[in-house]
Amino acid sequence: MSGRVLVGVKRVIDYAVKIRVKPDNSGIVTDGVKHSMNPFCEIAIEEAVKLKEKKLIKEVVAVSCGPQQSQETIRTALAMGADRGIHVEVTGKDYEALGPLQVSKIMAALAKKEDAQLIILGKQAIDDDCNQTGQMTAALLDWPQGTFASEVALEGDKVKVVREIDGGLETIKINTPAVVTADLRLNTPRYATLPNIMKAKKKKIANMKPADLGVDLTSRLEVLRVDEPPQRQAGVKVETGGGPGGQTEGGRDDIEASGARRGAQNYADGTL
Amino acid sequence: MAALRPLSRIGRLASGICRNHRLICDTRRRGVASCVDPAHGLTDEQKEFQKVAFDFAANEMAPHMAEWDEKEMFPVETMRKAAQLGFGGIYVQPDVGGSGLSRLDTSVIFEALSTGCVSTTAYISIHNMCAWMIDTFGNTEQRERFCPDLCSMEKFASYCLTEPGSGSDAASLLTTAQLKGDHYILNGSKAFISGGGDTDVYVVMCRTGGKGPKGISCLVVEKGTPGLSFGKKEKKVGWNSQPTRAVILEDCAVPVTNRLGEEGQGFNIAMKGLNGGRINIASCSLGAAHACVQLARDHLLVRKQFGETLSNNQFLQFKLAEMATKLVASRLIVREAATALQENRSDASSLCAMAKLFATDECFNICNQALQMHGGYGYLKDYAVQQFVRDIRVHQILEGTNEVMRMIVSRNLLTES
């Protein structure tokens, strides 16, 4: 086994920023907005570096797909302990259309090229919330996948993954090479130390284009429109009919008529 | 009545602008891409340092800042965590455990840390100053003996220059150090020593020779040395996360091997240390002012009076703009002074004094204004703005009063002719 782990890191709008939709509804405003590494990718890097410190793997390679600025994100990964970086340059329209399908093709190609033993990704990115890249990468490579990991243990040529699922915790054992996606409670990412930030300057970041990997970036999706969630409507008070037994037929009609049910559907306006 | 119509049109236009302004700048305390963003003009590497410091401040310091102030706790564990990241000896050489960064890197880091807790960051900066003095003026044996523990904050340091009888007139200090064989016998007392009583290593300026600056030497005194004792813990308006005590020396015997540099070099060492110290303290003021501008901005967007948010009030808009302008101007002079000091420029000392004078004064006014903008809430200890005001008030006094800063600058101007 090569002992090499690929970790995908994505440059996203910083979690603390309150985002705004572009006036032409074509997307989100990104110019001049603070960006940083996707929090789940930080957790993925931390897990890989921990494995290296336990001497269970030999090398951590941080990968990012995007424009020139993606190199900042790779540098942060290097400052946290990754050994080297790979920047797959994707710009302009290709970058706007870049989604999990394209990234997973790139990761699959790199996994073969770098003879990776393990791929660790964040479970999802906080900008698109797709939660697809890890799964698609595993499918393209025909590798097993351990997603939503809250614990990862390398045992010989297998990986034991404790997954956070709706019903609780599920423990699975999968063969390597494998894809693991990191969930929130997997670890607490370390702060980069000042000496490590300086050492990161000397670590190498290789540049390549998707064409070098034989990857076709054509998107099967087209974003038609981006809107803010609808403003939360005020609730409506209705007269209740009937006695202490509860609603009468008439009462329910009143509630429907007043659009209160519509309001309830609107409650999920959520946060972006 | 007719005259009011154009005014109301202007009012609507202004509130329209204000709404757009809110759309662009409605962000949280993390200083995101606005005109006061402290990341402007920094290299990528400096931005990385700044990010670590901001994250550490937000996660490890800000949640405890009020408690440390109220309970007067010296947060040893948090500071040691900071030291693990390299903040214990930021501009100390790497061969003795320091991070070997520049003065500008240091200023950026302290500015960011200060947004989490001014008092603790200010102490960390004093500790750094002492570690640097030993690193720069100590011989190999002294550097190896003291610096590694200071950089890891295994041990903490204090800077002892001021005495009850000599503050601004530092060169008139009276603590004596009489040579007896291979020891100096120290007698005297130091006042207002940050960390005093809780720290392990004391960098003490004392008189080995005649009157004036040329008779002063610098000695490192370790806690536990017989004859070293401390006064009561002072009760202060701010800086409460660090203890302040008098340091009392009564026939305290300190080996000659603990002397930094030559006899008579002490005042020079003290002043060189203070140049950096002044940039650090000014940087702490910058961080506090930055946090307060954010707090004021957030408050203006939320608080409503007379049917609209305070952010629609032109006086407050203009006041906020003035605060932002003074903040950026202060930041620029502090960073320029840091660069000048790093490059050993001839104007470095004067620039450090100018930067300390300007930044500490302006930033205090910014924080004070921010408190005013909060109205009655600003006066409550539930709100952080009052702690920033209390904590940075002393920056206009210590490491050389702002009056002494004026002395330094005027001397530079008037002796040139």
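The buried residues of α11(B) are V385(B), Q386(B), Q387(B), F388(B), V389(B), R390(B), D391(B) and I392(B). These make up eight of the nine residues of the helix, so α11(B) is largely enclosed by the rest of the structure in this predicted model. The cover over the buried residues of α11(B) includes α3 (65-71), α5 (103-114), α6 (118-137), α8 (266-302) and α10 of chain B.

The loop between α10 (348-373) and α11 (385-393) of chain B contains Y383(B). Y383(B) has a relative accessibility of 32% and therefore counts as partly exposed, the range for this class lying between 20% and 50%. Together with Y377(B) and L380(B), Y383(B) makes a nonpolar surface patch of about 250 Å².

Chain B as a whole has 12 helices and 10 strands. Its radius of gyration is 23 Å, close to the 22 Å that the globule rule gives for 417 residues, so chain B is as compact as a globular protein of that length. The C-alpha trace of chain B spans about 90 × 50 × 40 Å along its principal axes. Of the 417 residues of the chain, 56% count as buried. Among contacts in chain B with a separation of 6 or more, 74% are accounted for by residues 24 or more positions apart. The chain exposes about 18000 Å², and carbon and sulfur atoms supply 55% of this area.

At the interface, 25 residues of chain B are in contact with 22 residues of chain A. The two chains bury about 2000 Å² between them, with 61% of that area on carbon and sulfur atoms. One salt bridge is found across the interface of chain B and chain A. A salt bridge joins the side chains of E45(B) and K201(A), at a distance of 3.2 Å from N to O.

Over all chains, the count of salt bridges comes to 42. In chain A, the side chains of R4(A) and E114(A) meet in a salt bridge with an N to O distance of 4.0 Å. R4(A) lies in strand β1 (residues 4-8) and E114(A) in helix α4 (residues 100-114) of chain A, so the pair ties together parts that are 110 residues apart in sequence. E114(A) counts as buried because its relative accessibility is 10%, the limit for burial being under 20%.

In chain B, E222(B) forms a salt bridge with R145(B), and the closest N and O atoms are 3.6 Å apart. This pair also links distant parts of its chain: E222(B) is in strand β5 (residues 216-222) and R145(B) in helix α7 (residues 140-151), 77 residues apart. E222(B) is partly exposed, with a relative accessible area of 30%, and R145(B) counts as partly exposed at 31% relative accessibility.

A further salt bridge in chain B is formed by the side chains of D347(B) and R345(B), with 3.1 Å from N to O. D347(B) has a relative accessible area of 29% and is partly exposed. R345(B), at 27% relative accessibility, likewise counts as partly exposed. In chain A, salt bridges that share partners join R4(A), E59(A), R84(A) and E114(A) into one network.

Terms used:
Residues numbered from 1 in each chain as written. Chains lettered and ligands numbered in written order. Predicted model: local features only at pLDDT ≥ 70, side-chain atom pairs only at ≥ 80, totals over all residues. Heavy atoms only, no water. Patch = residues over 30% accessible without salt bridge, like charges linked within 9 Å, V, L, I, M, F, W, Y side chains within 5 Å. Areas by Shrake-Rupley, 256 points an atom, 1.4 Å probe, with all protein chains shown as cover. Helix = DSSP H or I, 4+ residues; strand = E, 2+ residues; numbered from the N terminus. Buried < 20%, exposed > 50% of the residue type's maximum accessible area, 1.4 Å probe, protein only. Rg over C-alpha atoms; globule rule 2.2 N^0.38 Å. Contact = heavy atoms within 4.5 Å. Buried area = accessible area lost by both parts, 1.4 Å probe.
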